[in-house]
Amino acid sequence: MDIQTLSLTNFRNYVDLNFIPSNGLNILVGMNAQGKSAVLEAIYFLATSKSHRTSRDMDLIHVGVSIARVNAHVDRSERNDVELEIVLSRAENKIVKINTVKHPKIGDIVGQLNAVIFSNSDIDMVRGEPSLRRRFLNLEISQVSPQYVYALGRYKRVLDQRNNLLREIKSSGVQTGDLGAWDSQLAQYGSTIIARRMKFIDFLAEEAAKIYSSLAGGSEELAVTYKKSVDIDLHAPESEIAAAFAKLLSTRRGLDIMRGTTTIGPHRDDLVLTINGLAAREFASQGQQRSAAIALKLAEINVMQESAGEAPVVLLDDVMAELDEARRARVLEITTGRCQTFITVTGLEEIDPSAVAVGSIFDVQSGKVTPR
Amino acid sequence: MHYAKPLAKLVSEFEKLPGIGPKSAQRLAFHILRINEDEARELANAVMDVKQYIKLCPVCFNYTDQPRCEICSDAKRDRSVLCVVSEPRDVVAMEKTNEFRGMYHVLGGVISPMDGIGPEMLKIRELLARMTDGEVKEIILATNPTIEGDTTAMYIAGLLKPLGVKVSRIAHGMPVGGDMDYADQATLIQALQWRREI
Ligand SMILES: [Zn+2]
């Protein structure tokens, strides 16, 4: 899968960019705040409909204008080529177009283009709050499963409604008859989420463990497990998961009413990382945490390739300077010759001469991208 | 913006309407200014007539200007099948298909805790009351396939199950998360044919 052209209009500091990358390694060289990361951000935005740097879409629109546009032609080997576009507006909701056809749901664009992004905040995934790991799971599984996107959207809505109802019951002291219907809706969409996460994590764990031990020289072991609300076997059918989840909801009903919120479900689950049996979040060194984060991301490339049938686009956003030589080499080894890759660096000395030799180099300066 | 008082009043009334922003409200108000007096009176009368003559049918809770709505008073319609919808506009959508010959029941909304709408605020008690004479053999739950529409259907299905009546839910072919009144007729017909028991 690779991007043939990328056009940006009023996106970040790009007033008008037409960028034609190579289908191999693309090295974007420039000082900070010149727009290197914005190119990667735009690609990731088309893949997921979200930015990896901000949760506010308005930040993406060039200062002083009201509409921004991101457009790309994507070459795919397993599916037809596709043209993707997102239009951002200060006045209205963003618009998604696939092959120039406007889609009513933003989520429709997710999965058209697969991308894995590496950035400096990846380490927070290992050491930060569970919500960051759930976000990782949601973004990554969404890219390979439209069904997951759908279930996630429906789940959030049911959860909102159920929490509203729980607060209402708590304050009025009267149980309304519809709580059971909300429970079964939550169980239905929740079970789809849990089932997809179990399969994803099962595969991710295996790949990440292999990659981690090669990064750490084989003396350390990374284990990735899914800490889920429902105790259920990996191969259980969704109906069984839904039944178990529904049962759990009914046994915890009193507690949920008392707290005025839903205390169990995939919105509370976590991805647990351990190194040699110890929780990486609390006990790992910063170096180990960084390696674990990279192992997860590299593993994700394999998982995505397996699900989509072709390699994803890889985006390395200012991460090279943070890595030691061995990890840098490993990252490039896994991606080179397989994935269309975009790297941002402030200088070519940040990457191996062998990579520089095969890469296409672009200078990025104040919103202009020039091939060298 | 400074309008003469009566004009300002009209603009602000239009602004209260759903889907009308300040710009459209202004455009509508200026349009009214330009039309002749008869046209304006006709519009005003139409608004007042709707308020005066349109009531809810006491049987199905659809809008009507009669003591009982046209569908409920039509002797040729099949009284053994009842189609449950959330809004009167859904009856209009269903009727346009010319496929359904049964009766309707309009709930007047869907269950939505975040909007403060609980089951007791919908015409659900009235629906159960319609079941007592045993004439209705089948119920089609045709609320929109939104989260709230689904939950409402599920809740009603739970109440109807013990009564031994056949309960089905339209589903197939409906655009996901879509509204019934936006669905094209072919889709609706298909949805009706492919209804499943719940
Ligand atoms: Zn009637």
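Both faces of strand β3 of chain A are covered: A:Leu25, A:Ile27 and A:Val29 are buried on one side, and A:Asn26 and A:Leu28 are buried on the other. A buried residue has 20 or more other C-beta atoms within 10 Å of its own, an exposed one has 12 or fewer, and a partly exposed one lies in between, with C-beta atoms placed from the backbone. In a regular strand the side chains alternate between the two faces of the sheet. The structure is a predicted model, in which local features need pLDDT of at least 70 and side-chain atom pairs count only at pLDDT 80 or more, while totals for chains, interfaces and linings use all residues. Residues are numbered from 1 along each chain as its sequence is written, and chains are lettered from A and ligands numbered from 1 in the order in which they are written.

Strands (E, at least two residues) and helices (H or I, at least four) are DSSP runs, numbered from the N terminus. Two strands pair if DSSP finds at least two bridges between them. In β14(A), A:Phe362 stands opposite A:Leu28.

The largest nonpolar core has 142 residues. Such a core is a set of buried Ala, Val, Leu, Ile, Met, Phe, Trp, Tyr and Cys residues joined through C-beta atoms within 7 Å. Its largest share, 15 residues, comes from α5(A). Among the residues with the most contacts inside the core are A:Ala295 and B:Val84. Two residues are in contact if their C-beta atoms, placed from the backbone, lie within 7 Å. Not counting residues up to four places away in sequence, A:Ala295 touches A:Ala208, A:Ile211, A:Tyr212, A:Leu215 and A:Leu222.

A:Lys94 sits in the loop between β5 (82–89) and β6 (95–98) of chain A. A:Lys94 counts as partly exposed because it has 16 C-beta neighbours inside 10 Å. Beyond four places in sequence, its contacts include A:Asp57 and A:Ile106.

Between the chains, 17 residues of chain A are in contact with 13 residues of chain B. On the chain A side, α4(A) gives the largest share, 9 residues. Chain B itself has 8 helices and 7 strands. Of its 198 residues, 28% are buried.
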